[in-house]
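Q: I have a structure open here and would like to talk it through with you. Could we start with what counts as a contact?

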Amino acid sequence: MKYSIFSLARAALSGHKNWQRTWRDATPKDRYDVVIIGGGGHGLATAWFLASEYGIKNVAVLEKGWIGSGNAGRNTTIIRSNYGLPGNTGFYELSMKLWERMEQDLNYNSMVSQRGVINLYHSDAQRDAYARRGNTMRINGIDAELLDLAAVKKMMPFLNYDNARFPVQGGLLQRRGGTARHDAVVWGYAHAASGLGVDIIQNCEVTGFIRDVNGKVTGVETSRGRIGAGKVGMAVAGSSSRVADMAGLRLPIESHVLQAFVSEAIKPLIPGVMTFGAGHFYVSQSDKGGLVFGGDIDGYNSYAQRGNLPVMEDVCEGGMALMPMIGRVRLLRQWGGIMDMSMDGSPIIDKTPVDGLYINAGWCYGGFKATPGSGFVFAHLLARDTPHEEAARFRLDRFRTGAMIDEKGQGAQPNLH
Amino acid sequence: MRITCPFCGERELGEFTYLGDAKPVRPAADAGEDAVYDYVYLRDNIAGVMSENWYHGGGCRAWLKVTRNTLTHEISAVEPAAGAGAAKVGA
C-alpha cells in the first residue's frame with residue numbers, strides 16, 4: 001500500500017481500524033537469485049537497493065528472529081558523516097545523502113531528524129584535532145562548523161561550564177547530522193522491498209551453507225529447509241564470525257557488547273545529538289522526551305546482549321560531568337547489543353574467499369548511521385561483482401596487505417576502537 | 001560479572017582489564033607473514049566457553065587466565081597466567 005495524506009485521512013475516518021500490514025511475511029521458495037542472511041537494517045536495505053537500483057527482485061532476506069530484533073532495534077539512532085579517513089569520509093557522506101531522501105524513496109516515515117550532532121572539545125589540542133576533522137569534512141563537501149564557547153553556550157546553556165577539569169571550550173557541529181527512528185527504518189525498508197517482490201522470511205535461521213563440487217556456495221540450509229541461491233550475502237553484525245564459520249572462514253572480528261540507556265521522559269532539553277569529548281558519552285533526546293545515551297563497549301567478548309555495571313557507571317559519570325542536573329533523572333531502560341568489532345574499527349564489504357558468499361560486517365558500534373549506504377554499496381557488490389567506488393577500501397584482505405582504515409589509531413585491539 | 005582472583009579473592013569487574021582470547025600464540029620470528037597475520041588479526045570469536053587473558057590492574061596487577069562463557073558471562077575457572085605470578089603459587 002502507498003502512504004499519503006489521503007491514506008491517513010481515510011484511515012482516520014474509519015477509526016484507524018483498516019490499516020494493512022506494511023510488508024509481507026513470506027514463506028521460503030526453493031530458490032532465489034540472491035539470499036541475504038540477516039533481517040536487520042543493513043540486510044533489508046541491501047534487498048531494497050538490489051530490487052530498486054539493480055533490478056534484481058528475486059531476493060530473500062532470512063532473519064532468525066523477527067526483523068529489527070538485533071542491533072537495528074538496539075542502537076542510539078544517531079546519524080552523522082563526520083569521519084576523517086579516506087574510505088570512511090566518502091562512504092558515510094553517501095549514507096547521509098541517502099538518509100536525506102530515505103522517506104521519499106521508501107514512502108515511509110522513518111522520522112529522519114537533522115537536528116545536528118555536536119562533538120564538544122575540552123582542550124586546545126582537542127580543538128585542533130576537531131578543526132582538522134572539520135576541515136577534512138569540508139574539503140570533501142560535507143558540512144562542518146567549529147563553534148567557540150560563546151556559540152556552544154548559546155546553543156546549550158544548560159551544560160556545566162564551571163567544570164575545572166574538563167572545561168567545555170567549544171564543539172564541532174555537523175548540522176545535517178541527527179537521529180532517525182530506528183524501528184521505522186527497518187519497517188520502511190521492509191515495506192518498500194516487500195512491495196518490489198522481495199521475500200522477507202522471519203524465524204528462519206541459517207544453519208549451514210550448501211556448496212557445489214568446486215566449493216561454490218549455491219544455497220543455505222535453514223531451520224525452514226534448504227533454500228537455493230545464486231549468491232549469498234551475509235549482514236549479520238555480531239553473529240558474523242558464527243555464520244562465516246559455517247563456510248570455514250575466520251574473520252578479523254570480535255563480538256563485543258555495547259550498552260545503551262534511556263531515561264524517563266523529561267521536557268525538551270537537548271537540541272540535537274551531543275558528545276562529551278573528555279570521556280565517552282553521547283546523548284540525544286527522543287521525541288517522547290527520554291534521554292537516549294551510551295558510551296564505551298564493555299570491553300570483553302560477549303554474545304549475551306547484556307552488559308555489566310562498570311560501563312554503566314562510567315557512562316553516567318560522563319553524563320554527570322556534562323550535565324549535573326541529570327543526576328535526578330531516573331534511568332528507565334538499559335539494554336545491550338552485540339557489535340562486530342573489526343580489527344581496525346572500520347567495516348568490511350567484500351567478496352569472501354568462498355565463491356558465491358559475500359560479507360557485510362565489522363560495523364563496530366557505528367552501524368546504524370551506515371544503514372542506507374551499507375545497503376546501497378552491498379547491493380552494488382552483489383549485483384555487479386565489483387565494489388562500489390565509495391566502498392572499495394572496505395576490503396577483507398586489508399588486514400593482510402596493511403591498508404587499514406583505523407580512525408582512532410588504536411591498532412588491532414578491537415575493544416579499544 | 002565478578003572475577004575471583006586467585007591472589008585477591010572475589011572482586012568487581014571494574015578492577016580488571018581485558019586483553020582477549022588466550023589461544024593465539026605469538027609465532028616464531030621466522031614463522032612467515034601468514035602466521036603473523038593469523039596471530040594479529042584473525043580470531044575464533046567463540047560463542048561459548050573461551051579461555052581469556054585478564055589483567056587485575058585494580059588489585060594485585062597479575063595477569064589471569066579466565067575461563068568464561070561468552071553467551072552467559074558465567075566464569076568457570078580463574079588461574080594465574082603463565083609467568084612470575086603463577087610461579088609464586090606453584091601453578
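A: Two residues are taken to be in contact if their C-beta atoms, placed from the backbone, lie within 7 Å. Please keep in mind that this is a predicted model.

Q: What are the scores for the model, and for chain B?

A: The model has an ipTM of 0.93 and a pTM of 0.96, while the pLDDT of chain B averages 92, with 91% of its residues scoring at least 70.

Q: Switching to chain A, how is it divided?

A: Chain A is divided into domain 1, made of 24-108 + 181-252 + 344-416, and domain 2, made of 117-176 + 254-342. The C-alpha centres of these two domains of chain A are 27 Å apart, and 32 residues of domain 1 are in contact with 30 residues of domain 2.

Q: Which helices are on the domain 1 side of that?

A: Helix H3 (88-100) and helix H8 (240-245) of chain A each supply at least two residues of the side of domain 1 that touches domain 2. The largest share of that side, four residues, is from H3(A), and by class the side has eleven nonpolar, 17 polar and four charged residues.

Q: Now the eight-stranded sheet in chain A: what's the strand order?

A: It is an open sheet with mixed pairing, and its order is E5-E6-E4-E13-E14-E15-E12-E16 in chain A. Strand E5 (145-148) and strand E16 (331-342) of chain A are the edge strands, each pairing on one side only. On average, neighbouring strands of this sheet are turned by 25° against each other, with direction ignored.

Q: In what sense do E5(A) and E6(A) pair?

A: E5(A) pairs with strand E6 (residues 170-174) of chain A in the antiparallel sense, over four bridges, and Glu145(A) stands opposite Leu173(A) in E6(A).

Q: Which helix packs on the sheet?

A: Helix H9 (residues 309-322) of chain A packs on the sheet, where it touches strands E12 (253-265), E13 (273-276), E14 (281-285), E15 (290-301) and E16 of chain A. The direction of H9(A) makes about 140° with that of E15(A).

Q: What about H1 in chain A, how many of its residues are buried?

A: For helix H1 (residues 5-13) of chain A the count of buried residues is zero among its nine residues, so this helix is hardly covered, given that a buried residue needs 20 or more other C-beta atoms within 10 Å of its own. H1(A) is followed by Gly15(A), whose phi is positive, near 70°.

Q: Last one: is Trp48(A) buried or exposed?

A: Trp48(A), which lies in helix H2 (residues 41-52) of chain A, is buried because 28 other C-beta atoms lie within 10 Å. Leaving aside its neighbours within four places in sequence, Trp48(A) is in contact with Tyr189(A), Ala192(A), Ala193(A) and Gly375(A).

Definitions and conventions:
Residues are numbered from 1 along each chain as its sequence is written. Chains are lettered from A and ligands numbered from 1 in the order in which they are written. This is a predicted model: local features need pLDDT of at least 70, side-chain atom pairs count only at pLDDT 80 or more; totals for chains, interfaces and linings use all residues. Domain bounds come from an automatic or database domain assignment. Ala, Val, Leu, Ile, Met, Phe, Trp, Tyr, Cys and Pro count as nonpolar, Asp, Glu, Lys and Arg as charged, and the others, Gly among them, as polar. Two strands pair if DSSP finds at least two bridges between them. Axes are lines fitted to C-alpha atoms, for helices over the stretch in contact, and angles run from 0 to 180 degrees between N-to-C directions. pLDDT is the predictor's confidence in each residue, from 0 to 100. A residue is buried if 20 or more other C-beta atoms lie within 10 Å of its own, exposed if 12 or fewer, and partly exposed in between; C-beta atoms are placed from the backbone.
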